[in-house]
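Open the model in your viewer and keep the sequence panel beside it. The stops below say what to select next and what is there.

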Amino acid sequence: MDTHAFASLAQVRILLVPVGTISESTFNKYATELRTFDAIRLGDIPADNKDERARFMPNPLSTGYLHLSFPTHPPPFSHLPLSLLRPSNFPLAVIGLAACSKTDTLPTILAEFNSALLDIFPAGGMYPLAKNCFVFEEGEGNTNVNLGDNLPSLVVIPSMMGNKKLYIGTLLADLCSHVLGEFGTLVQGLESPAGNEHLNSALMPMLPPPDLAQPLDNGNGRKRDSLPPIPNGHSDIKTGFNLSSASNLKRNSSSGSAFRHSTLNVPPAKKRLSSIGVASSHGRLFKVLGDFYLLAGRTEDAAVWYNEALLLFKSSSDAIWQAATLEGMATVSIIDAWSAGQGLNTSVSSSKDQWIDVFDKLSQAITLYHRSPSVDGEHNYSLLAYLYSCSVLRQASLLFSIWSAKGWGPLAFSTMLQPGPTPYLPPTLSHEGLTSWAHLERLSTLSGISRSNISTVLSQVHGPWLLHLGPRERISILENTASLYACLGYRRKEAYILREVLGCILDLIVCGREEDGFSRLSSVPLPAGLGIQGPNSSGSSQRGGNVGVRFSENMDGNESVLKLLKYVCKVLGINLDAVRLLENSEANSAPVETSTTSIEDEIATEFSEPYGWPELQVGVVREAVAVAEALPDYLAVAQFALSSLKTLQSVLASGDQYHLYATANRALLTAHRRGDSKSVEYWSGKPLVRISLSPLPLVRLPIEKPLSALQARASDIAPILTGATDPFLYNPRRALGQMQGKTLVVQNELLEFVVALQNPYVFDLEIQALTLSTSGVPFESKPIRVVLPSTSFHVVTLTGKATETGPLVIRGCFVQAPGGTKREFTLPISTPEDEERISRRRAALECEVGRSKYAGLDCFPWEKAGKRSSAQLSASTTKTPLRFSEFTVVPEQPLLRIRRTSVTHGAVMMYNGEMSTIRVTLENVSPLPIDFLRLVFDDSTIGPAQQALANGDLSVFDTYETEYDLLHRPVFSWNKEETKDIPPGHKLTVNINCYGKVGCTTGTVHVSYSYVHRPAANLDPSPPVFHTRQLSYPVMVTVYHMLECQGMDILPFPSVPSDLNDEQADDDDQCRGNEAGWCLFSVEVRNTYGLPFEVSFERIQQGRPRGTTSTTVSPGSTSRMVIPIKRFILSEAHISQPIPTLSDRQFIVTKSKLSKPQERAQRELFWYREELFKNLRGRWREAGGSRSGDLSLRQQRMSLPMLETLRTETASIQMTLHRQEGDDKVPCTVTGGKFYPQSSEFVYLRTKVTNLSLTSQVFTVDFDLQSSQHIIFEGLLRDVPIGRLESGESCEVETGLCFLAYGRFEISAEAKVVGSSESKGTGRLTAMVRAEG
Amino acid sequence: MPSFALMSHHLFLLSPSDTPLYSLTHYSTKPTSTVASPLSSNLPNWSTSAFAGTLTALSGAGSSAHQTASGTVRMGGGQDRHVIQMIANASLDAIEDIMKTQNAMFLKSVDKFNEWTISAFITPGNMKFVLLHEGKNDDGIKSFFTDVWELYVKTMLNPFHTAHTPIKSLVFDARVRASAKKNL
């Protein structure tokens, strides 16, 4: 609107007024067309040489120009006092622009034009001096065209006219000619003494004064009030025409100028200039003359008159007029310079000489304005301040033009003369990329004017006096100031001024609203659809005054105000767009895929440095929110409030945070109630801290097993021995399994995710909807509403279920604040490479933080990342795809529960070695059948045993013992055959055997079950895995150790059977004791318990009758149990086997460095002991009770003598004595195992050697006759050859003997294998030789 | 309109990112000698809306009105302080402009706004000391700035002090005040 062009003093203002139903765009189009005529050659102006009207007419052949400007806004009424002081401030002519269509008739257009003029121009003004109405014909065949010829003040411009521009130029020249003529008339009036007196009567006199204008009032019945009449200028042009608009047309006179002449002649005398007013100086008159000459383009005359005026002002003290004169003179210089340079490519000069004079004049003028005493009435302050501000702006724009034009030259002049309706930006600055500091500084160097010079000049405009100005002038002055600062690159100063501009506009809006009866509190929303528009932004409609103009549903002004706000805040380092407004996505359920912020960005924000002035930022933000509330633009309120919460969180006081949050929420509610289609994005940083699956309860946890596990593997080692420890130090498969960390979850079962959220603000943050963001299989979950307590972390649980099987990826969460849009926050899992990259980046940032490469406006936080040039930071940008926590959804699984057990209080009490049974009843509570059931047990003895085994410190023997214990005597066992399918809802009872084992305190029953053979849904190959679930039942076990075995021994059966044995010796084997291959096993059993126990040992040797021995061991006592055992021999092959390891463990190195014989001996011990324990079974029974169990001998050790006793000899030797009776040899009488041969009689000792070993061997026999001197024998006693005997074969040798004495003879024989001196078997014979009888 | 109020000085130590690390308001014992323009007298009492209040304060009318009304040296409440800060912040434009072309650390009277003259001192680390003052006292201001600089350098010797750490040292404050009393 009001541009403060430097040369505005020399520009003839022609107001463009829309008339009739012309549309805004059409109006703008024609206005632009008119504005191309910014200067008219004086020679083109038709001269009107009638008397005084000729005074300002251009001289023939003059070369000057008349400068035109085409504002579309009239000056405010309050400027009327400036009419004579500053005529260029007023539109000297008016052009109505009308578009003629078929419906309009020209008279109506004219009438509208005239009534518009009445509205626009105050009655007391003397302008405009000329007017015309251009009717642009729209379309073709306009019927009203011919009518237009009759209306002189109406010009119809046909649409088909060829050279429209030339025509318009001519019309404009005509109009200007009128104006110039009117100048003459005006001046003539002023030249009269009365006029001059009037001119000097006040500081800012007005024409026509009441006394002069009174006669003009004659025909005007409309203006009966005290106001001066309608401007005469109207009637001057409307010569002889009052067809329709009679009300304000005063005369039909065809010669307005003549009338004007006569009215001015009404005062008594018409004097020449020289004789005017002795009373008053003529300074003001000369100044007015100068002004008019300047307007008329006659700069020489203007300069002359100005100089005259200055001379006169020097003596008098008419500061304002003097200052105005100085301004005029400054303008003259510029116009002259422009004319001189017009069309020439004159060189640009940077020397100050050319313009320093102009500058000084303006400085003087400014000083004069500044010091002007306040003599006049109260309203003068506003105009004085206006004049002052204008002159400061004029001086500043002088410097600015020269600066921006790179020096004093044509470009600078044209900048200064630019009349446009919009501020003119010189080409040196209008380039976007040219606003860099270097570019601006280059302009300074070229032009010799530094920017701070301009700023210094410009800052004079700012001061308390701005308050004197009316709002319109104030806004205009501030706007110009701000744009000058902007062009200088002084953005902070610009922001300062813009805040004032905003203050003005908002004040107008608020006040205007109050005047409209919409008085309200700032927080109370207005009725919907109110767009309040400041007067600065209205294009076409002027409903005068300083009241905000309200258009319904028009938000254009709001937009600009908000833009200004954002700009101001941006300069202060606040990004009000930090929270964006998005189209509401509530309708479409698919959430907007927001780009996931990389971790790098998050780190960058972590290290962001403070920017800007916190106190200022807080103040500006508060103001911004208040402004947006006042507009009202609720979404903007929310956006601003939330943006500042987001970006200024660290500096906002808690009160402000509360206020902003509450305001934003309220505004969002209102906006939504109004049906706004936009909403704010999620704003409060990243609330998500952690997501984890809350671990499934054990009973629900599925365990993946390969299907191959179902096939029985007989060859396998029992896993119980290894304790499930991996034999491999590094097992890649296992490592893989742990790496992937894919937790198994079950389809259609509720999953709970624990989500940790944070709220860094001091208020309770509400999250309207929080949902999991998943990919992979469909996942059903419901959003929940959360309120995060202030400045804390908060944990919520989100539940949901996966409806299909497959991978389920938890990406993060969707978060939605009330009234906002959903936003996804992802939570990727960082790999080690990521971690390293992040930590490297963090280190680099840490190193950079605190160092400032850029300062001030160059280091806005949001620009920082772009400017970072550190190679270290920019290097690693290889984007790896983000990884998220993954779960595998497995098919639905059955669920089993333990319905009941036979165990009371979960505890089992047993005696050592007792076997009891636990009954566990399982119930299938799922709709799926269970077709796989396995029981696995664990007890407290397994662990230590496995540990001992794993350590490997045990001897081979101990190892075997431990392993045997684990394998063959488990605490728990069950019968696999009991298992069967459990249909849904059915029960199954399982019997579990418990074996009392000392040292066992607890045990656990693990039930694994599954639904393996499910119907294949489709043809896809059944997966190689199945899933089991586990049910665990812990059992407390108490085992009483009541019987102790100790002191095992094996003794030879007494060789002489006692007589006691005779009667029971029906079985002759029994009686034959040692010789018959029997030995005695004995062991001590001690009762350490409080109850007596009946202990029995049973012999279960194969092929032998069973035998038992039993006794009752009373508490505290020890009993030795003895039972005969048939001796046995184990084959060499059997013995030569190494001691087996049940676990089949590899890599076991024999630690004991035993020699071969030792090793053999150990093996023999081992194998014979094993054989012995196989043949013996110890049992106990509770005396008087029903409980019974096994008694283990396993702790007993076998010694070598015991082994010798137990082992059958290789060869058995039976010796009998035979007597010769005739040819036969009959055995001697045998009584009680003793032979009774006759003395001195030849008997035969028949020695039968039987090879009992399993191989054929060659034997010899040695006899030993203890009393050999009483025995005569035949043959050899040593190394009697027997020969080779096959296994089981026997051979007899006969030796002739004769006992020479009475008495008892012991004959023993010893069988030996050839080549060894070892006895392989012995025989013994006792012979009693006594006297007959 | 000679005011009988005492001259006030406002010192701001600004980090390279325009954040104030320290600020001081000092009232000199010397009376102000500025003569207000007649244009700024007889201002309308303009309190139509809250926004007008902002405008009043920003244009500089608020401060002078306040001063004359109360007659004391107090600079009024938050709004005036806010304006002072705005002016100091806005003067950075001029300071940055000049410091790029000139080598001097002390930029005397680098800017003027409303009734305030702004002098500045730029340390080699791009810290800016901005002083808003009313009178002309170049020598005093220069020696004041030199004192503050020395004190600031001593503070920066603290290894935990970065270019963005606000200065809260009481010793620093006391010494700056002492220097202000001496020089301003």
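## Stop 1: helix 35 of chain A

Select A:F1166, A:Y1168, A:R1169 and A:L1172: these residues of helix 35 of chain A are buried, that is, 20 or more other C-beta atoms lie within 10 Å of the residue's own, whereas 12 or fewer make a residue exposed and counts in between make it partly exposed, with C-beta atoms placed from the backbone. Helices (H or I, at least four residues) and strands (E, at least two) are DSSP runs, numbered from the N terminus.

This is a predicted model, in which local features need pLDDT of at least 70 and side-chain atom pairs count only at pLDDT 80 or more, while totals for chains, interfaces and linings use all residues. Residues are numbered from 1 along each chain as its sequence is written, and chains are lettered from A and ligands numbered from 1 in the order in which they are written.

Now show the whole helix, residues 1156–1175. Its 20 residues reach 29 Å from first C-alpha to last, close to the expected 28 Å, which is 1.5 Å times one less than the number of residues.

Next, go to A:H1134 in helix 34 (residues 1132–1136) of chain A. A:H1134 counts as partly exposed because it has 15 C-beta neighbours inside 10 Å. A distance drawn from its C-alpha to that of A:E1164, 30 residues apart along the chain, reads 9.0 Å.

## Stop 2

Strand 30 and strand 31 (residues 1078–1087) are joined by eight bridges; two strands pair if DSSP finds at least two bridges between them. To see one bridge, pick A:Q1046 and its partner A:E1084 in strand 31.

Move to strand 21 (residues 885–890) of chain A, which pairs in the parallel sense with strand 13 (residues 743–746) over four bridges. There A:V746 stands opposite A:V890. Strand 19 (residues 806–816) runs antiparallel to strand 21, with five bridges, and A:V809 has A:E886 as its bridge partner.

## Stop 3: where chain A touches chain B

Show both chains: 52 residues of chain A are in contact with 45 residues of chain B, contact meaning C-beta atoms, placed from the backbone, within 7 Å. Helices 12 (353–371), 13 (380–404), 17 (451–459), 19 (491–515) and 22 (614–630) of chain A each supply at least two residues to this side. Helix 19 gives the most, with 12 residues.

## Stop 4: confidence

The mean is 78, and 75% of the residues of chain B reach 70 or more. Over residues 63–79 of chain B the pLDDT is below 50, and this stretch has 23 contacts in the model beyond near neighbours in sequence. The model scores ipTM 0.90 and pTM 0.70.

Note on methods. Contact = placed C-beta atoms within 7 Å. pLDDT = per-residue confidence, 0-100.
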